[in-house]
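Here's a quick briefing to read with the structure open in your viewer. Have a look at it, then go through the notes by topic.

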2 protein chains.
Amino acid sequence: MTELKKDSPNINAAGRWISYREEIKVLDCTIRDGGLMNNHNFDDKILKAVYNANVDAGVDYMEMGYKASKRIFSPDEYGAWKFCTEDDIRKIVGDNDSQLKLSAMADTERTDYKTDILPKEQSVLDMIRTATYIHQIPTAIEIVQDAHDKGYETTINIMAVSTVQEYELDKALEFIAQSNVDYIYLVDSFGSLYSEQIHYLMQKYLKYALETGKQVGMHAHNNQQLAYANTIESIILGANILDGSMAGLGRGAGNCPTELLLGFLHNPKFKLRPVLECIQKYIEPMRKDLLWGYDVPYMITGLLNQHPRPAIKFNQTPDRGDLVKFFDQMIEED
Amino acid sequence: MTELKKDSPNINAAGRWISYREEIKVLDCTIRDGGLMNNHNFDDKILKAVYNANVDAGVDYMEMGYKASKRIFSPDEYGAWKFCTEDDIRKIVGDNDSQLKLSAMADTERTDYKTDILPKEQSVLDMIRTATYIHQIPTAIEIVQDAHDKGYETTINIMAVSTVQEYELDKALEFIAQSNVDYIYLVDSFGSLYSEQIHYLMQKYLKYALETGKQVGMHAHNNQQLAYANTIESIILGANILDGSMAGLGRGAGNCPTELLLGFLHNPKFKLRPVLECIQKYIEPMRKDLLWGYDVPYMITGLLNQHPRPAIKFNQTPDRGDLVKFFDQMIEED
């Protein structure tokens, strides 16, 4: 339908408007990113509901949480999904007798990956995702190499790319392209990127990734109500793995809502109804305890290309709702 | 920054990323579109607050409401902003001693435009906007001609374009291009259009409009969280008048939020703070009575390319929140 697609080396005829691109995978990060709002303390019934909904909806991957170091993060303070032990995961999924693959995220320098990530044959996990800042890339690549050697699919998610100098990003992508990683993720950590920037960055990521047979993913935040729109733009350009979360549950303004994303993807394997049911019964009721989703303070941090931390803090104070006060604070600090 | 812009005949050097395009106008439709949620019954203090905020924010146009026929709509049932009499407007704006221009909307076949729209020299209004379905175009053009002859700027807003056959749309645009209208609006009435469709339609509208010296506008709805994104795409392609509403106030899922739009536009004349203040003090407090904004039932009507009416009705019943029930109903009726 549009000439945009012709630009991309990653689009085949099946990627066009009315039909679908079979290669596109959806990764549900409801529990992992949502866990940032409640220190990863979810009831088992929530985990089971999200798992079952993902299986029924035809989602490709579900991220169970983090593989965080217990030396750095105390299990007294954080729930099970900060650590994702094999036992805890199996309590939810058994042997995961389904088409849904499971992933966990290992944050660079915050994980004891050598000991805590088991060889694939001992684990029900299928993929290890590594989140890294630009200055940690060599360490991230060691995690990827370790996970790859243990038998997992792997991703590298470069965080806060909207604050990275372009020549550093080029070097990083060149370096990552030489690794064993399967997917390189474009991550809009602050929800600050507009479609023109997504186009520019995604084309850059694709150039480096495709040269060495890798694919590109997209993880968006909704600070400016652009998470879904930017995910669509990424699809159009050729990204083949897309993060979504149910009702957008995630830190601050949250993520690209899975229910919107499944509506856009025309692959008959995806079913919307199980996701709507899970949202209605399990996700929406959490709003009485958790504050997430688009809100003007998150818009302001996104607009200013800043971490949502000050907005999250502000929304926990009695000043919540005093939009002008928050705006004045942020402009002053700028 | 991107090759998209090169395609458009309506982009000059001043339209690029870091700078701005001086021709771009913002039209605030908070009261007009929001009035669809409360039968146009707003307190005068709301009207004054929105007016003052628009003046202070450097917004170009404010739409005061409708010029609806009192023979068709009873003033017992509808508030002042369904009719926008000269006296009622002047109670809010005096002689409008500001740079802000004022508009009112005349719905085709629902307006006694010949008598109710005064000659411009007797009115504080600056622009008459005409909303029309595809089958009413000749009547819409009569309204435009009348308003033009009386001295107003004019627009034609073609509603529900996502349900119009392309050959009819081409004929309509060809016909409108020969009229005296100043702006032709692309209107995503159902919030069902994706960026690729916006690109396709906007380029078509621009082709017809620019040939006869007219400009194109964009009016988006947020059913799929794409109102702002689609407005940005319209800017990139060359639309020069953009509708926004404060906090997105508008029917159903609402409109493109003015606060997001002003954040994107880099023209120094636009100020965000007065809009945030108005939202905080006057718009957000209305949420206790009015339900608007993105919600899964609106997503479903958008996805199915249908009027939001069933979602609005459903959200007023005790079933509100039963997303699966609504989904099943809509699929069954489809």
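Start at B:Tyr205: skipping neighbours within four places in sequence, its contacts are B:Leu173, B:Ile184, B:Leu186 and B:Val216. Bear in mind throughout that this is a predicted model. B:Tyr205 also turns up, with A:Val50 and A:Tyr205, among the residues that touch the most other members of the largest nonpolar core, which has 218 residues.

**How the two chains relate**

- Chain B puts 34 residues into the contact and chain A puts in 33.
- On the chain B side, the elements giving two or more residues are helices H7 (195–211), H8 (227–237), H9 (258–264), H10 (273–283), H11 (296–303) and H13 (323–333) of chain B.
- Sorted by class, that side of chain B has 19 nonpolar, 8 polar and 7 charged residues.
- Do the copies meet through the same surface or different ones? The same one, because 97% of the interface residues of chain B are also interface residues in chain A.

**A helix pair in chain A**

- Helix H3 (residues 44–57) of chain A packs with helix H4 (residues 86–93) of chain A at about 65 degrees, and their axes are 9 Å apart.
- The crossing of H3(A) and H4(A) is right-handed.
- H3(A) brings A:Asp44, A:Leu47, A:Lys48 and A:Tyr51 to the contact, and H4(A) brings A:Lys91, A:Ile92 and A:Val93.
- That contact has 4 nonpolar residues, 3 charged ones and no polar ones.

**A helix pair in chain B**

- Watch the labels here: in chain B, the helix at residues 44–57 is H2 and the one at residues 86–93 is H3.
- H2(B) and H3(B) pack at an angle of about 65 degrees, with 9 Å between their axes, and their crossing is right-handed.
- On H2(B), the residues involved are B:Asp44, B:Leu47, B:Lys48 and B:Tyr51, which meet B:Lys91, B:Ile92 and B:Val93 of H3(B).
- By class, the contact of H2(B) with H3(B) has 4 nonpolar, 3 charged and no polar residues.

- B:Ile156 sits in strand S5 (residues 153–158) of chain B. Why does B:Ile156 count as buried? Because 27 other C-beta atoms lie within 10 Å, and the cut-off for buried is 20 or more.
- Beyond its neighbours within four places in sequence, B:Ile156 is in contact with B:Thr130, B:Thr132, B:Ala140, B:Val144, B:Ile176, B:Val181, B:Ile184 and B:Tyr185.
- A:Asp28 belongs to strand S1 (residues 25–28) of chain A, and it counts as buried with 27 C-beta neighbours inside 10 Å.
- Which residues does A:Asp28 contact, leaving aside neighbours within four places in sequence? They are A:Asn54, A:Val59, A:Tyr61, A:Met62, A:Glu63, A:Gly244, A:Ser245 and A:Thr258.
- A:Thr258 is 230 residues from A:Asp28 along the chain, yet their C-alpha atoms are separated by 7.3 Å.
- Helix H9 (residues 227–237) of chain A is mostly covered, with 11 of its 11 residues buried. Among them are A:Asn230, A:Thr231, A:Glu233 and A:Ser234.

**Positive phi angles**

- After H9(A) comes A:Gly238, with a positive phi near 130 degrees.
- B:His40 isn't a glycine, but its phi is positive too, near 65 degrees. B:His40 lies in the loop between helix H1 (30–34) and H2 of chain B, and it counts as buried with 22 C-beta neighbours inside 10 Å.
- B:Asn305 is another non-glycine with a positive phi, about 55 degrees. Its place is in the loop between H11 and helix H12 (309–315) of chain B.
- B:Asn305 counts as partly exposed, with 15 C-beta neighbours inside 10 Å.

Key
Residues are numbered from 1 along each chain as its sequence is written. Chains are lettered from A and ligands numbered from 1 in the order in which they are written. This is a predicted model: local features need pLDDT of at least 70, side-chain atom pairs count only at pLDDT 80 or more; totals for chains, interfaces and linings use all residues. A nonpolar core is a set of buried Ala, Val, Leu, Ile, Met, Phe, Trp, Tyr and Cys residues joined through C-beta atoms within 7 Å. A residue is buried if 20 or more other C-beta atoms lie within 10 Å of its own, exposed if 12 or fewer, and partly exposed in between; C-beta atoms are placed from the backbone. Two residues are in contact if their C-beta atoms, placed from the backbone, lie within 7 Å. Axes are lines fitted to C-alpha atoms, for helices over the stretch in contact, and angles run from 0 to 180 degrees between N-to-C directions. Helices (H or I, at least four residues) and strands (E, at least two) are DSSP runs, numbered from the N terminus. A crossing is left-handed if the near helix is turned anticlockwise from the far one by less than a right angle, and right-handed if clockwise. Ala, Val, Leu, Ile, Met, Phe, Trp, Tyr, Cys and Pro count as nonpolar, Asp, Glu, Lys and Arg as charged, and the others, Gly among them, as polar.
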